[in-house]
Amino acid sequence: MASVTADLKARERAGELRQTLGRKYRYIDRKWDIMFWATAAFVVGAAADITKQLFAGDWDFWTDWKDAQWWPIITPFAIIIIPSALQYIQWLAWKFPTGAVYTAVSLWACVEIGRWLHWRFFVYYPINFVWPATAVLAGIWLDWVLLKSKSWVITSVIGSAGWTLLFWASNYIMLAPFLQPVNFMGHTLTLADVQGIEYLRTQTPEYLRLIEQGSLRTFLGETLYVALAFGATVTIAGYWIGQFIGRMLAIWPIGKFAKKV
Amino acid sequence: MRRRLLFAVPLGLLLALFSAPAAFAHGEHSQEPWLRLSTVAFWNTTFSAQTIQQGQELTITGTAKVLETWPETLPDPKTAFMTVESPGPAFLMKDRVINGQSAPASFYIERGGVYNYKMTIVGRVPGTYHVHPTFAVRSAGTLIGPGQWIRVTKSPAGFSNPVQLSNGKTVNLESYGLGWPVMGFSVLTFVLGMVWLLWWIVPKPTVSRLAVTSQLSVNDDGGDAVGLVTRRDHRAMNLIMLAAALLLAGGWIWQAVAFKTKIPQQVDRFRVESAVQPATFATATMNKIVYDPKAQTLTMDVQAANQGKTPMELRAIHFANLTFLPGAASAAAVPGADGTFETSQSGPITAGATQSLSLTIRGRTLKLNDLVPTGTANGNMTAVLEFADSSNTSNFITVHQFLTPVFD
């Protein structure tokens, strides 16, 4: 009996919420939505790009930096921070599992414009050397995990681990042609190495290139899988950094000053 | 008031535009004199041409020495990289040989090491550029060698960068892989992401959803009953997730088939031994170095000893990336030199003799190049004296002394 009453109440409640969802407002219409999504894209894209540049700048920039050791560790960590924050905000506010994809798509648009305009047209670097990585497939995975689990913990563990793997896997497809061997200056190098040598970067001496260095490779004798596993772990931490930003720097301050009606 | 502003602001901008001198330096003047003088010296720098067409080669040769006076305040010189100073990839580096060895990447060096370099670059972007060889040392920075204006003219055939792969195939590195997979695959992922986004953004209102979501807990989406996230939404997202997986799988299969042989990026760094130097016949010490700013004169008191069997003479003085050859200050500019020096010694130093030399450099060249350390905390000046004997064999002797400036 009690459960029937509770069930009835729950249905009533759901009905009320459904009605509220379908309600038309006098002063809030779709123009607000368009304005928000369109303008926020630049802010979100810029925030994601700045975070990525600060932590993983060169690794995202040049083909000869996209190695099997540092690139899969540092870049997914750097790029997940803002998508995680946006996931929190958009799921909490609207139950939209779109935070990661929205950030990845905005980031993609911002960096592509930047690379073409600044690096191709202003300073003549070929785009096949300075192409930016894409995080969209990884973002789809992260949002899909949130949609299915509705749990931040599960999203942080499974979502972040998948984020790292998908980030690397999707961008490896674009990197593959540049890993073909070439005999250049009497050495066997990759096409990416040749790009790095030929296309002058005067204030970036080659010794600054941090690739394939460190003792990580001695474990199991296989660099990539260890790097991916370590990258997945580090990305989980990155996810929670993003959650902190979303909760403490976005939602909590709004809650302090906005009135709940 | 507004009219005055309308007149004053454009006028101010115009004046600023036409009064500002062009900046031609490459940042070397921002480095302290002691850094440039005591670390790496350049000499015998030559450029094989001054005008090339797009696609044509230009060779830069010369010598760079990591001086014995490398400052103790800097970490020991261990790793170096040679390249060319140019505004971005206006040129392409096609070959780099250091002491007879191909050096595609950085190389390991030693204090006192002499490195004869030959770099071959190819003109790529039409324009006029001031090009320098550079010698970068880890934890010290980039030291810039002598520069020259190089003009790259447009080629009627345009520019391409053919590179032959190990499998024999030749690709144009300017655009290889750009259409597919670089932009093609990337755009496909963007399109898929937009499909995901637009599914939520277009049919469903955004802002007004807050009225409902604020009444639900974070882990509760209300299900079909509320309508925030329905079964139809789940089905659509599953399909997009599947499409993403298929796109990824397809891409992976394609790259595995298209590029069967792949290797990781290489780090080909190795030690380049210092170039073998001829037997030493000259030694020198600098006892005093004086700079008179009013007379714009630098005077060096040097004691030089000839321990060889034939007479020797002082052929050149090298300061960082500048070279001074014997001659009067009033004489016409000496080709291949940044200036001239006068010496108190007339004639060569005979074999076995020790001579005191008073060397004078007149003019503003050193000062204009920010190589006179007046007004700085470190007044150490280092120079490389080039002595040559009668068989034309040269000895490059590093001398140093603290500057004595003349005050008013």
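1. Helix α3 (residues 178-201) and helix α6 (residues 231-258) of chain B, in this predicted model, have axes that come within 10 Å and cross at roughly 175°. Helices here are DSSP runs (H or I, at least four residues), numbered from the N terminus; axes are lines fitted to C-alpha atoms over the stretch in contact, with angles from 0 to 180 degrees between N-to-C directions. That crossing makes α3(B) roughly antiparallel to α6(B) (an angle over 145 degrees).

2. The residues that make this contact (C-beta atoms, placed from the backbone, within 7 Å) include Phe185(B), Leu192(B) and Trp199(B) of α3(B), and Ile240(B), Leu247(B) and Gly251(B) of α6(B). They divide into 12 nonpolar, 1 polar and no charged (Ala, Val, Leu, Ile, Met, Phe, Trp, Tyr, Cys and Pro count as nonpolar, Asp, Glu, Lys and Arg as charged, the others, Gly among them, as polar).

3. Now for the two chains: their contact takes 81 residues from chain B and 77 from chain A. On the chain B side, α3(B) supplies the largest share, 14 residues, and the residues of that side divide into 45 nonpolar, 26 polar and 10 charged.

4. Leaving aside neighbours within four places in sequence, Val101(A) is in contact with residues of both chains, among them Val136(A), Ile140(A), Gly193(B) and Trp196(B).

5. A note on conventions: residues are numbered from 1 along each chain as its sequence is written, and chains are lettered from A and ligands numbered from 1 in the order written. As the model is predicted, local features need pLDDT of at least 70 and side-chain atom pairs count only at pLDDT 80 or more, while totals for chains, interfaces and linings use all residues.

Note on methods:
Helices (H or I, at least four residues) and strands (E, at least two) are DSSP runs, numbered from the N terminus. Angles under 35 degrees count as roughly parallel, over 145 as roughly antiparallel, 65 to 115 as roughly perpendicular and the rest as oblique.
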